[in-house]
Amino acid sequence: MTYLLGVTALWAFSFSLIGVYLAGQVDSYFAVLLRIGLATLVFLPLLRPKLLTMRQRLVLIGLGAIQLGVMYIFFYQSFLLLSVPEVLLFTIFTPLYIAMLDDLLFGRFTPFYLLTALLAVLGAAVIRYDGIDAGFWWGFLVVQGANLCFALGQVGYRRLSAELPDNLAWHNVFGWFFLGALAVAVPAFALLGSAAALPSTATQWAVLGWLGLVASGLGYFVWNRGATQVDAGTLAIMNNALVPAGLLVNLVIWNRDADISRLLLGALIMGFSLWLNHWWLERRAQQAA
């Protein structure tokens, strides 16, 4: 839980940085490529191939390709189709995908996780719902593509971790994850990117450097490690904690408009869903004992 909270705080800054300094100014495919490339450089020197079997390496590569590579492409494209409030609104469905995919991959069905995930969605919707335009459907589907990729990557990482030793040095194998993402980002930029819209200011380069080395490099490693140490309900709920955190950062630093009462109400609903999930886990543990 500490890992997830720490990365939530870290990523809360990322959304505003993208919206203020990159969106509509820097080619989205180049931004994806540079972020993933820098993150790969962080972990590539640490890579120890013999720690995983060939199948495990391929699974981790595939997870990186989906969770980071394909997800980023969907996510950055969504800014060309939707307003920022709409993108934020449509990301709130991720907890539902987490709950359903986790049950699917682990061969079980836990209706209570769907309840707490729905509460998290409700809390985020209270914060971010500002109405939608009539022609939003295509953008909605693009954001759901990003949500599904992010959810599948997290749950797949949990599934892979469950079959590996607890003492595995994950920092020595996580480079495969970024190599998988890079395998998507390179051809995407080559085929769809524009060299005419590269970063043109020192600030843009600095923002991309921060996003690549820290938000992506450190952030995804720590987030995925945290995902293996909590139950699916907590993971689902934490996927929406970024909404109030991101709004708070945006309000304090960039002085953007935000409805404080809705922010507090939505945060309280999500906090209640976390408490309810924790209460249910303790009750189930007591019954099992």
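Student: How do helix 5 and helix 7 lie to each other?

Tutor: In this predicted model, helix 5 (residues 94-105) and helix 7 (residues 137-162) pack at an angle of about 40°, with axes 9 Å apart, and the two helices are therefore oblique to each other. Oblique is what remains after roughly parallel (under 35 degrees), roughly antiparallel (over 145) and roughly perpendicular (65 to 115); axes are lines fitted to C-alpha atoms over the stretch in contact, with angles from 0 to 180 degrees between N-to-C directions.

Student: Which residues of helix 5 meet helix 7?

Tutor: T94, Y97, I98, L101, D102 and L105 do, and their partners in helix 7 include L148, F150 and R158. By class, this contact (heavy atoms within 4.5 Å) has nine nonpolar, five polar and three charged residues.

Student: New topic: how many helices and strands are there?

Tutor: The protein chain has 12 helices and zero strands, where helices are DSSP runs (H or I) of at least four residues and strands are E runs of at least two.

Student: And how much of the chain is buried?

Tutor: Buried residues, meaning those under 20% relative accessible area with a 1.4 Å probe, make up 53% of the 289 residues.

Student: Which residues have the most contacts inside the largest nonpolar core?

Tutor: They are L60, F75, W170 and Y220, in a core of 77 residues, that is, buried nonpolar residues joined through side-chain atoms within 4.5 Å. Among them, F75 touches F15, I18, V87 and A146, leaving aside residues up to four places away in sequence.

Student: How are the residues numbered, and which atoms are left out?

Tutor: Numbering runs from 1 along each chain as its sequence is written, and side-chain values use heavy atoms, without hydrogens and water. Local features need pLDDT of at least 70 and side-chain atom pairs 80 or more, whereas totals for chains, interfaces and linings use all residues.

Key:
Nonpolar A, V, L, I, M, F, W, Y, C, P; charged D, E, K, R; others polar. Buried < 20%, exposed > 50% of the residue type's maximum accessible area, 1.4 Å probe, protein only.
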